[in-house]
Amino acid sequence: MGSSSATQIAILINTDESPYIQLFKESFRNIFIGLSPSPMVTFYTPPVTQIFPDPSNYDLLIIGGGTYVVDETTPWVVSELEFLKTTVRNYPNLKFVGICFGHQKISQAFGGSLGHNKNGSAEVIAKSSLNSPPAT
């Protein structure tokens, strides 16, 4: 995990549409600006760069929303799922936060399944550690 006293955060921005990339970055910066000590935040845009963070350098991994569908076969979407599965398995103490697209990807990485909610209500399940990481 991060070595400095400030929390090290990696944020995956899951879109390749320029206006949204900037909006997502500004929104996250506004969220973290009031924290003390200020966390060190690094942004990654897998749809554009195909680059993922080194999980050993971070305390928290935020997988953001985006403009893609979680079950697409677009190469970066598939690569992100594989990255998350490996990260979940190899870094069981790393904290994860998922937003929209991100929480669906985290669910898949932890071995969960996705479906449509016909009731219109939302459910959130949080788990701070893994008892048995999913097989790859």
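Helix axes are lines fitted to C-alpha atoms over the stretch in contact, and angles between N-to-C directions run from 0 to 180 degrees. In this predicted model, helix H3 (residues 75-90) packs against helix H4 (residues 101-109) at an angle of about 55°, the two axes being 9 Å apart. The crossing of H3 and H4 is right-handed. From H3, the contact is made by Trp 76, Val 77, Glu 80, Leu 81, Leu 84, Lys 85 and Val 88, which meet Phe 101, Lys 105, Ile 106, Gln 108 and Ala 109 of H4. Sorted by class, the contact of H3 with H4 comprises eight nonpolar, one polar and three charged residues.

The strands were examined next. An open sheet is formed by four strands with parallel pairing, and their order is S2-S1-S3-S4. Five bridges join strand S1 (residues 8-14) to S2 in the parallel sense. Leu 12 has Tyr 44 in S2 as its bridge partner.

Helix H1 (residues 18-32) packs on the sheet, where it touches S1, S2 and strand S3 (60-66). The direction of H1 makes about 150° with that of S1. H3, described above for its packing with H4, also lies across S1, S3 and S4 and runs at about 155° to S3.

As for confidence, the chain has a mean pLDDT of 82, and 82% of its residues reach 70 or more. Over residues 125-136, pLDDT stays under 50. For residues 125-136 the model has eleven contacts beyond four places in sequence.

How values were computed. Residues are numbered from 1 along each chain as its sequence is written. This is a predicted model: local features need pLDDT of at least 70, side-chain atom pairs count only at pLDDT 80 or more; totals for chains, interfaces and linings use all residues. Side-chain values use heavy atoms; hydrogens and water are left out. Helices (H or I, at least four residues) and strands (E, at least two) are DSSP runs, numbered from the N terminus. A crossing is left-handed if the near helix is turned anticlockwise from the far one by less than a right angle, and right-handed if clockwise. Contact means heavy atoms within 4.5 Å. Ala, Val, Leu, Ile, Met, Phe, Trp, Tyr, Cys and Pro count as nonpolar, Asp, Glu, Lys and Arg as charged, and the others, Gly among them, as polar. Two strands pair if DSSP finds at least two bridges between them. pLDDT is the predictor's confidence in each residue, from 0 to 100.
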